[in-house]
Every structure is written in structure tokens, then in C-alpha cells.
Amino acid sequence: MSESRPRRAAVTGIGVVAPNGTSTETFWKSVQQGISVLDEVSREGCEDLPLRVAGEVRGFDPTAAVEGRLLVQTDRFTHFALIAADLALEDARLGRADTDDSPFDVGVVTAAGSGGGEFGQRELQQLWGKGSRFVGPYQSIAWFYAASTGQISIRRGFKGPCSVVAADEAGGLDALAHAARAVRRGTDVIVAGSTEAPIAPYSLVCQLGYDELSREPDPARAYQPFTEHACGFVPAEGGAMLVVEEADSALRRGLPVRATLDGHAATFTGASRWTESRAGLAQAIRGALDEAGCAPEEIDVVFADALGVPEADRAEALAIADALGAHGRRVPVTAPKTGIGRGYCAAPVLDTAAAVLAMEHGLIPPTPGVFDICHDLDLVTGRARPADVRTALVLSRGLMGSNAALVLRHGAAE
């Protein structure tokens, strides 16, 4: 009797709510054209803060897609997650009728770095301005990092493995890896990803302690990694949710396997120790390649972490060369996040969504607003580069010291 092949974790649905698009189609159109939507912070209460530029999801109206009873008990970051999850499930053609009979076969995993800061600020203002009787009962859950996982699973009736990853910005990739491993162990579907909402007065004040945060007031100059003008990163809100499904199950449902999540590894090198991150990130890359059974020369594109801090940018460029050898200096590298901002845990999930779309469209998107490179990288700039992208590597590092790498293969590359 022949052995059945191992279970594979496939991406079958993508849902995006980002500064450059509140659908996968609008997001990809902006990404492939290299459009930057970074602009002056417009949120009320942020006018006098030294942070001047961010990536905001403007014109976002959650009331059009989220029930009122949920809106009052959730923060903006969960509103993003609920809508992105709906879009991803719709994209994967998984409606209630498809999951009601098997709720224990569907789980949810999210990552969050900032939690529900805006909701928490509002309730604290009520506490100190009016008194404890004016603090709502949902303060206890709306700010919590696990709020999005809980609300998506309750709203949809998913009773499979549910969790939240708290692992710095790299937690976005860790959440996808957690989902892939759950699928390989036997769960049919995991809704996975990350959304963030750090553009509010309390949240921004908390971020001012990061030396890596850009204070540049000009949106065109505020976030330029891998250049001599690099002065830090620009924060962003929004994010993405993916449907991660057992590949053969998707094929039986008549869906294409868009990409498979084949390899992941994570390391830790300490907060703001960017020189040390070279070795940690290189080790994560090697670990992801090993798990995927992938040779360095098979990588067709690298989606860079691109912090925008000279020391960190240099460490990342060297880490890519260390892990990929001579190929590391030839492989195309891109950082679409320079056009929308760095959305903490959501940033690498948006990069993963962009990587899947790049493989499908045969285009490597450019790095918006970046031209004069001062590192030994083949950074894609200016316009999208046509390419046969079969295997992608997504990188992420966190301000507190986490490093992660994820290897994806195009679904048609089986």
C-alpha cells in the first residue's frame, strides 16, 4: 500500500484592510504600481505629537460590515480583523454553510503588538473624567491582544484550535507558522493573520519611546530604508487575514492552491541590538529553508523587513548574504511597506499576502520612494519587475528582538 503524502498548508483566501486598499484587489493594484500613501497623521488628538507621518486606513467605516453589538465591545484593530477575516473567507469560498457542520475543524490564530489602545484610552478618560461608573464592561476584553481571535471565532462559530501569538513584530509570521503546523497536524482550516491600530494619541505616545521611529515630517522622506537618508520607520494601521487550508482539501473543493507555507523559523537577539540581528536573522532564514527543503538558489524574491535604521538595514543585507550565499547578492529584494508604513505584527502578514499575489501575477512589486541604495542588495525600485516567482522568502524583525523567516511556494510549483 502506498503511503499518503503529508498534509500541506495552503493559502486559499486573502483579506486585506490596509492604508492603500480595503480589498485585496485595491491593495495589490497599489502595491504593484509602487504607490505611496504615507501622509501626515490626521487622527484627532495627535496634532502636537513629534511623530508627523503614518500610514492610516482613511475613510474606514466598520458599521457597513460589523454588527453594532460587536462594534461597541471591540477596538479598531479588531474591526480591521473582523472585516479582513470576512474577505478572506469569502475569497476562499467558505461560507457558514461550509463550516457549520464541522466547527471543530476551523480555528483562528492572530498576532498583535499594540492591542486595543484607542478603546483603552477612551475608557481611561471616562474613568478619570467622570468616574468608575462610566467605564464600560468591555474595557476588560477590548484592549486585550487575543480580542480579535476571540471575536472572529465567536462570530463565526469556529471551535477549532484558537490562539494568539505575542512575539513582537515577527509574531505576524509566527502566527502563520502556527496555523500551518495546526493544519499539518490535522485541522482542516485556520484563519490566520494580524491587524493593528496604533494610530491614536495614547498608542502614539507609547511609541515615542522607540528610537527607531521616524520623526521626519516630509512623507516622501520619512521612511527610506537601505539608503543614506534612512531615519527610521513610519508606523501603520490595518493588516491582513489569510485562510490557511489543507491543500488536498482545497483541491477537492475545486479551489486552486495559491501558495503553500513550507518553512518557518524564529530566533531572538535582544531589543534594539541590530548588529546582533544579523546572525539571528540569518539563522532564522537557514531554519526556514531547512524546514521547507529549499536550497538558497531556489529563492526568487525576498520581502525584506526594511526597518529604515542604518545599522539594522546593514545587518539585514548581510544576513541575506550570509544565509543565501552568492545568491543573496543577486536575488531580487523588495519592501512594499515603504509605501504604507510598518504595521508592527501586521507588516509581515501584508508582505506574505503581497508575496502570494506576486507569485500569481509574475510581478515583483517595487519599494516605493526608495532609489539610491547604499547596501549590496538587488532592491527592486521604481516599477514592478516581471519575474517567474516560484518561491518567496518573507523576513521580519521586532523592536524587542524577535526575528522570523517564512518560505512560501507558488501553488502551481508542486
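## Around helix 5

The buried residues of helix 5 are covered by parts of the structure that include helix 6 (139-142) and helix 9 (201-207). Which residues of helix 5 are buried? They are Gly-117, Phe-119, Gly-120, Gln-121 and Glu-123. Keep in mind as you explore that this is a predicted model.

After the helix comes Gly-131, which has a positive phi, near 120°.

## Charges over rings

One of the buried residues of helix 5, Phe-119, has a charged neighbour: Arg-122 lies over the face of its ring, 4.8 Å from the ring centre.

## An aromatic cluster

How many aromatic pairs does a search of the whole structure find? The search finds five. One of them joins Trp-143 and Phe-144, in an edge-to-face pair with 5.4 Å from centre to centre and 65° between the planes. Trp-143 also forms an edge-to-face pair with Tyr-145, at 6.2 Å centre to centre and with 75° between the planes. Through these ring pairs, Trp-143, Phe-144 and Tyr-145 are linked into a cluster.

Trp-143 has a relative accessible area of 36%, so it is partly exposed. Phe-144 is partly exposed too, at 41% relative accessibility, and Tyr-145 is also partly exposed, with a relative accessible area of 33%.

An open sheet is formed by 11 strands, in the order 5-4-6-7-1-8-15-14-9-10-12, with mixed pairing. Its edge strands are strand 5 (162-165) and strand 12 (378-379), each of which pairs on one side only.

Further in, strand 9 (residues 301-303) and strand 10 (residues 332-334) pair in the parallel sense over two bridges. Here Val-302 has Val-333 of strand 10 as its bridge partner. Strand 9 also runs parallel to strand 14, joined to it by three bridges, and Val-301 stands opposite Ala-392 of strand 14.

Why is strand 14 described as largely enclosed by the rest of the structure? Seven of its seven residues are buried, so the rest of the structure largely encloses it. In a regular strand, side chains alternate between the two faces of the sheet. In strand 14, Thr-391, Leu-393, Leu-395 and Arg-397 point one way, while Ala-392, Val-394 and Ser-396 point the other way, and all are buried.

Strand 14 is also joined to strand 15 by seven bridges, and these two strands run antiparallel. Arg-397 stands opposite Asn-403 in strand 15. The two strands form a hairpin, with four residues between them; in the turn, Gly-401 has a positive phi of about 115°.

A helix passes over this part of the sheet as well: helix 11 (residues 274-292) lies across strand 8 (259-268), strand 14 (391-397) and strand 15 (402-410), and runs at about 145° to strand 8.

Definitions and conventions. Residues are numbered from 1 along each chain as its sequence is written. This is a predicted model: local features need pLDDT of at least 70, side-chain atom pairs count only at pLDDT 80 or more; totals for chains, interfaces and linings use all residues. Side-chain values use heavy atoms; hydrogens and water are left out. Rings of Phe, Tyr and Trp (its six-membered ring) pair if their centres lie within 6.5 Å; planes under 30 degrees apart count as stacked, over 60 as edge-to-face and the rest as tilted. Buried means under 20% relative accessible area, exposed over 50%, partly exposed in between (1.4 Å probe, protein chains only). A charge sits over a ring if NZ of Lys or CZ of Arg is within 6 Å of the ring centre and within 35 degrees of the ring normal. Contact means heavy atoms within 4.5 Å. Two strands pair if DSSP finds at least two bridges between them. Axes are lines fitted to C-alpha atoms, for helices over the stretch in contact, and angles run from 0 to 180 degrees between N-to-C directions.
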